[in-house]
Amino acid sequence: MAAKSQSRSVARLAAVQALFQLEAEGTGLAQLLKEFHDHRLGSELDDVQYAEAERDFFDAIVSYVARNREAIDALIAARLSSGWTMARLDPTMLQILRAGVYELMQRPEISVATIISEYLDVAHAFFDRKETGFVNGILDRISAEVRG
C-alpha cells in the first residue's frame with residue numbers, strides 16, 4: 001500500500017507541474033501527457049532519476065482539470081476572501097487548488113483528510129507555511145460543499 005501511496009503522491013506533484021506548463025505554454029493536452037510519460041514520470045533526465053508515478057492517476061488529474069477548468073475555477077473563486085481574485089493567485093498555487101478540487105469532486109474513494117494532506121505536501125514543495133494554510137482553508141471549504 002505504501003508504494004501505491006507514494007506513486008500517487010508523485011503523480012499529484014507531477015500533475016501540478018503539468019497543469020502549470022499547460023497554462024503557461026499552451027501545450028496541447030495529448031502532447032503534454034506524452035511528454036510527461038516519456039520524459040518525467042519515472043524517467044531519468046540530466047542524471048536525475050524521477051520517482052515512478054501512477055500514470056493513470058496523473059492522467060486523470062491533468063485531463064479532468066484541463067477539460068473542466070471553468071467549473072473548478074468557479075468553486076475556487078467563490079471561496080476567496082473579499083478583495084481576492086483568481087488573477088491574484090500565484091500560478092502554481094492555482095494549479096495545486098485545481099488538482100485538489102478535482103480529487104474532492106471526482107475521487108470519493110479518497111478521504112478528504114488524505115486529499116488535503118497530500119496537497120499541503122505539494123504546497124510545501126513550493127511555498128512557506130502561510131501559503132500552505134491558504135491551500136488548507138480553500139480545500140477545506142470546498143470539501144464541505146462537494147462532499148457534504
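User: Helices (H or I, at least four residues) and strands (E, at least two) are DSSP runs, numbered from the N terminus. How many helices and strands are in the protein chain here?

Analyst: The protein chain has seven helices and two strands, and along the sequence they run α-α-β-β-α-α-α-α-α. Keep in mind that this is a predicted model, where local features need pLDDT of at least 70 and side-chain atom pairs count only at pLDDT 80 or more, while totals for chains, interfaces and linings use all residues. Residues are numbered from 1 along each chain as its sequence is written, and side-chain values use heavy atoms, with hydrogens and water left out.

User: What's the radius of gyration of the chain?

Analyst: The radius of gyration is 15 Å, close to the 15 Å from the globule rule for 148 residues, so the chain is as compact as a globular protein of that length. That's over C-alpha atoms, and the rule is 2.2 Å times the number of residues to the power 0.38. The C-alpha trace spans about 45 × 35 × 30 Å along its principal axes.

User: And how much of it counts as buried?

Analyst: Of the 148 residues, 43% count as buried, meaning under 20% relative accessible area with a 1.4 Å probe and protein chains only; exposed is over 50%, partly exposed in between.

User: OK, holes. How many cavities of 30 Å³ or more does a search find?

Analyst: One, across the whole structure. The largest cavity holds about 50 Å³ of space. On a 1 Å grid over the protein atoms alone, a cavity is a set of points where a 1.4 Å probe fits but cannot get out; a pocket is an open set with protein on both sides within 12 Å along at least five of seven lines, and lining residues have an atom within 4 Å of a point. Points join across faces, edges and corners, and volume is the space filled by probe spheres set on them.

User: Which residues line that cavity?

Analyst: L19, L22, E23, V65, A66, R69, Q95 and R98. Helix α1 gives the most, three residues.

User: What about the second largest pocket, what lines it?

Analyst: W84, R88, L89, D90, M93, F127, K130, E131 and F134 do, around about 150 Å³ of space. Helix α7 (residues 129–146) contributes the most, with three residues.
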